[in-house]
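Here is a short briefing to read alongside the sequence and the 3D view. Keep both open and look up each residue as you go.

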Amino acid sequence: IAPDMFRGIATPEAASSWNILWNILTVSITPQERIDSDIDAALDYLASMDGVDQKRVFSGPGFCAGGSQALKLSSRRMMAATIVLYGSYIDEYQNPSSDNWGFLGKTPVL
């Protein structure tokens with residue numbers, strides 16, 4: 001399941017030359033609290049489905065901003081694993097002893 005961080009604009013019907021710029025702008029100006037809320041809502045929906053084992057839910061794979069969000073999610077909630085293909089710069093993870101790491105490192109990060 002993937003929350004729509006692009007607010008409904010990143011669809012095949014909306015594909016055009018301005019779409020990439022719109023998506024970058026939309027993700028970059030969306031407050032982290034809103035992104036966290038969207039991701040939490042998607043996870044809550046997934047958890048409500050029959051047959052979903054929450055102990056097997058993983059974060060990712062994330063590309064670019066999605067890679068950063070996969071890391072941020074795994075720092076906030078326990079995931080079975082985290083898959084990041086590349087992530088954008090996350091300032092609060094520069095200090096390895098920071099509390100910002102949360103659950104990261106408690107499960108595999110690929």
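In this predicted model, Asp-44 is partly exposed, because its relative accessibility is 46%. Asp-44 forms a salt bridge with Arg-77, with the closest N and O atoms 3.8 Å apart. The two residues link distant parts of the chain: Asp-44 sits in helix α2, while Arg-77 is in the loop between α3 and β2, 33 residues apart.

**More on salt bridges**
- Arg-77 is partly exposed too, at a relative accessible area of 24%.
- Through shared partners, salt bridges join Asp-36, Asp-40, Asp-44, Arg-76 and Arg-77 into one network.
- Within that topic, Arg-76 and Asp-40 meet through their side chains at 2.9 Å, N to O.
- Arg-76 belongs to helix α3 and Asp-40 to helix α2, so this pair ties together parts that are 36 residues apart in sequence.
- Asp-38 and Arg-34 form another salt bridge, at 3.8 Å from N to O, and both lie in helix α2, four residues apart, about one turn of the helix.
- The structure holds five salt bridges.

**How α2 meets α3**
- The axes of α2 and α3 come within 11 Å and cross at roughly 70°, so the two helices are roughly perpendicular to each other.
- Residues making this contact include Ile-35, Ile-39 and Leu-43 of α2 and Leu-73 of α3.
- The contact residues divide into four nonpolar, two polar and four charged.

**The nonpolar core**
- Nine residues make up the largest nonpolar core, among them Met-5, Val-27, Val-57 and Met-79.
- Helix α2 gives the most to this core, with four residues.
- Val-57 is in contact with residues including Leu-43, Leu-46 and Met-79, leaving aside its neighbours within four places in sequence.

Conventions. Residues are numbered from 1 along each chain as its sequence is written. This is a predicted model: local features need pLDDT of at least 70, side-chain atom pairs count only at pLDDT 80 or more; totals for chains, interfaces and linings use all residues. Side-chain values use heavy atoms; hydrogens and water are left out. A nonpolar core is a set of buried Ala, Val, Leu, Ile, Met, Phe, Trp, Tyr and Cys residues joined through side-chain atoms within 4.5 Å. Buried means under 20% relative accessible area, exposed over 50%, partly exposed in between (1.4 Å probe, protein chains only). Contact means heavy atoms within 4.5 Å. Axes are lines fitted to C-alpha atoms, for helices over the stretch in contact, and angles run from 0 to 180 degrees between N-to-C directions. Angles under 35 degrees count as roughly parallel, over 145 as roughly antiparallel, 65 to 115 as roughly perpendicular and the rest as oblique. Ala, Val, Leu, Ile, Met, Phe, Trp, Tyr, Cys and Pro count as nonpolar, Asp, Glu, Lys and Arg as charged, and the others, Gly among them, as polar. A salt bridge is a side-chain nitrogen of Lys or Arg within 4 Å of a carboxyl oxygen of Asp or Glu.
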